[in-house]
Each structure stands twice: as C-alpha cells, then as structure tokens.
Amino acid sequence: LRREEALEEWRKKLSKEIAFYKFQQFLFTKQWLALKSYANKKGILIVGDIPIYVALDGADTWANPELFQLDEDCTPLAVAGPPDAFSATGQLWGNPLYRWEYHKETGYAWWMKRFHKMAEYFDAYRIDHILGFFRIWEIPMHAVHGLLGQFDPSLPMSREEIESYGLTFRDEYLLPFIHESFLGQLFGPHTHLVKQDFLQLV
C-alpha cells in the first residue's frame, strides 16, 4: 500500500538519487526534443513505440495502483503473457493487467495522458500488442508457465458453430486433455510422479 508518511521518509533518505534521475530525465527530454526538432526541419519524421503493458515495479504501477488488477498488498491477481507456438510452455511476461472498468469510468484519462505525452516525443507511434485493448491472455499468479492462462474475454463457440465448420464435436472435448508425450517432454523421468500425484486420469 502507498503510505504518504513512508514515501516522504524515503524521499528524504534517497533525495540525492531521486535528484540524479530527475536530472537525467530532464537532460534526455531536452536533448530528445532538440533532436526531434532538427529531424523534422530536415523532413524526417520519428516513429515511436508504446507497449500495451507497463512493468509491475514501474512508476505507473506504483503511482496508480487503482488502474491495475492488484490486491490490497499491490500483488497482481493475474499477469500477462501469451501462449506461443514456438514455446512448449508459452510466455510468462509478468506485467500487471488493467482494470478496464475503472479506466472506462475515468474516460480512459491515464491512456489519453500517455498518448498525449508520447505525441510530444514522436510524430507517429504504434501500440505494441494493440490486441490487448480487446482481448488479453491472463495468467493466474500461481501459474508456473504461460500455457496455464486464458483469454479474457474468452471467445466461446457453440456446438452448432463448431459443427458448421464440418468438425465433429464430442463431449470429451470439454474435459482437460494433456497428451502423455507432452508430459514426458516437460517432466522427463518425473512424469510418472506428476501423473500419480497431480493429475486425475480419465
């Protein structure tokens, strides 16, 4: 939790370090804007990049915990990271997820502020993983890898829709299924123990 008295105590203890990084940011901003102005005068436009997520331990999360899916201790309820065709276990990025209902209530003020600030630095920008505005792969905090997540919002399909593609639907498709060869690749000599202690075989 953010306690103002604790923050003030650390502002005093770390005053020199805070001033150093503020000065760094001041110099960078001044130099960057000068570079952008020079480039623009030469007919060059600068394209930037805005990641859809922010860091769990970054300034945005610390300063605005209400924007994210965090518990009372500021621990994320779930984190981001996609399933990945090139990785057996998917990716686990660890970025906090947004509370979209809260953003909607505020008129997406934080996002608008972010976009306006980036417009000072770039002539155009792309939003990396823009799909995150519409659908996010969320992974519970207790998950050990990215495949244990799910899409939010999910995209359910009815039996009729599946069969309309010429596919056969069987009730066992509704049950969890892990191929034994996948367990062997993942757990090697411990496969039997995993099956015995952690899986309910059907």
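Guide: The discussion below sets values against definitions for a predicted model.

Visitor: Why is the pair W111 and F115 called tilted?

Guide: The ring centres of W111 and F115 lie 5.7 Å apart, and rings pair if their centres lie within 6.5 Å. Their planes stand at 40 degrees; planes under 30 degrees apart count as stacked and over 60 as edge-to-face, the rest being tilted. The pair is therefore tilted.

Visitor: What makes F115 and Y125 a stacked pair?

Guide: The centres of F115 and Y125 are 5.9 Å apart, with 20 degrees between the planes. The distance is within 6.5 Å and the angle is under 30 degrees, so the pair counts as stacked. This pair links distant parts of the chain, with F115 in helix 5 and Y125 in strand 3, 10 residues apart.

Visitor: Is F115 buried or exposed, and how do you know?

Guide: F115 has a relative accessibility of 17%. Buried means under 20%, so F115 counts as buried. Y125, at 29% relative accessibility, counts as partly exposed, because that class lies between the 20% and 50% limits.

Visitor: Which residues do ring pairs link into a cluster?

Guide: The cluster comprises F68, Y98, W100, W110, W111, F115, Y125 and F133. A search of the whole structure finds 17 aromatic pairs.

Visitor: What makes the contact of E9 with K13 a salt bridge?

Guide: The side chains of E9 and K13 meet at 2.9 Å, N to O. The criterion is a nitrogen of Lys or Arg within 4 Å of a carboxyl oxygen of Asp or Glu, so the pair qualifies as a salt bridge. E9 and K13 are four residues apart in helix 1 (residues 4–13), and therefore about one helical turn separates them. E9, at 40% relative accessibility, counts as partly exposed.

Visitor: Why do E5 and R3 fall into separate accessibility classes?

Guide: E5 has 55% relative accessibility and R3 has 48%. Exposed means over 50%, so E5 counts as exposed, whereas R3 counts as partly exposed. Their side chains meet in a salt bridge at 3.7 Å, N to O, a distance within the 4 Å limit.

Visitor: How do you know that R159 and D171 form a salt bridge?

Guide: The closest N and O atoms of R159 and D171 are 3.0 Å apart, which is within 4 Å. The pair links distant parts of the chain: R159 is in helix 6 (residues 159–164), and D171, 12 residues apart from it, is in the loop between helix 6 and helix 7 (180–187). R159 counts as partly exposed at 35% relative accessibility, while D171 is exposed at 51%.

Visitor: How many salt bridges does the whole structure hold, and which residues are linked in a network?

Guide: The search finds nine salt bridges. E4, E8 and R11 are linked in a network of them.

Visitor: What surrounds the largest pocket?

Guide: The largest pocket holds about 590 Å³ of space. Of its 18 lining residues, R2, L7, I18, A59 and W62 are the closest to the centre. Helix 1, helix 2 (15–41) and helix 3 (59–63) each give two or more residues to the lining, and helix 2 provides the largest share, with five. By class, the lining has 10 nonpolar, two polar and six charged residues.

Visitor: Why is H129 called partly exposed?

Guide: The relative accessible area of H129 is 42%. This value lies between 20% and 50%, so H129 is partly exposed. H129 sits in the loop between strand 3 (124–128) and strand 4 (136–140). Leaving aside neighbours within four places in sequence, H129 is in contact with I52 and W93. H129 is not a glycine, yet it has a positive phi of about 60 degrees.

Visitor: What is the phi of C74, and where is this residue found?

Guide: C74 has a phi near 65 degrees, a positive value in a residue other than glycine. C74 is found in the loop between helix 3 and strand 2 (78–80). At 30% relative accessibility, C74 counts as partly exposed.

Definitions and conventions. Residues numbered from 1 in each chain as written. Predicted model: local features only at pLDDT ≥ 70, side-chain atom pairs only at ≥ 80, totals over all residues. Heavy atoms only, no water. Buried < 20%, exposed > 50% of the residue type's maximum accessible area, 1.4 Å probe, protein only. Contact = heavy atoms within 4.5 Å. 1 Å grid on protein atoms, 1.4 Å probe; cavity = no way out; pocket = protein on both sides within 12 Å on 5 of 7 lines; lining within 4 Å. Points joined across faces, edges and corners; volume = space filled by probe spheres on them. Nonpolar A, V, L, I, M, F, W, Y, C, P; charged D, E, K, R; others polar. Phe/Tyr/Trp six-rings, centres within 6.5 Å; stacked < 30°, edge-to-face > 60°.
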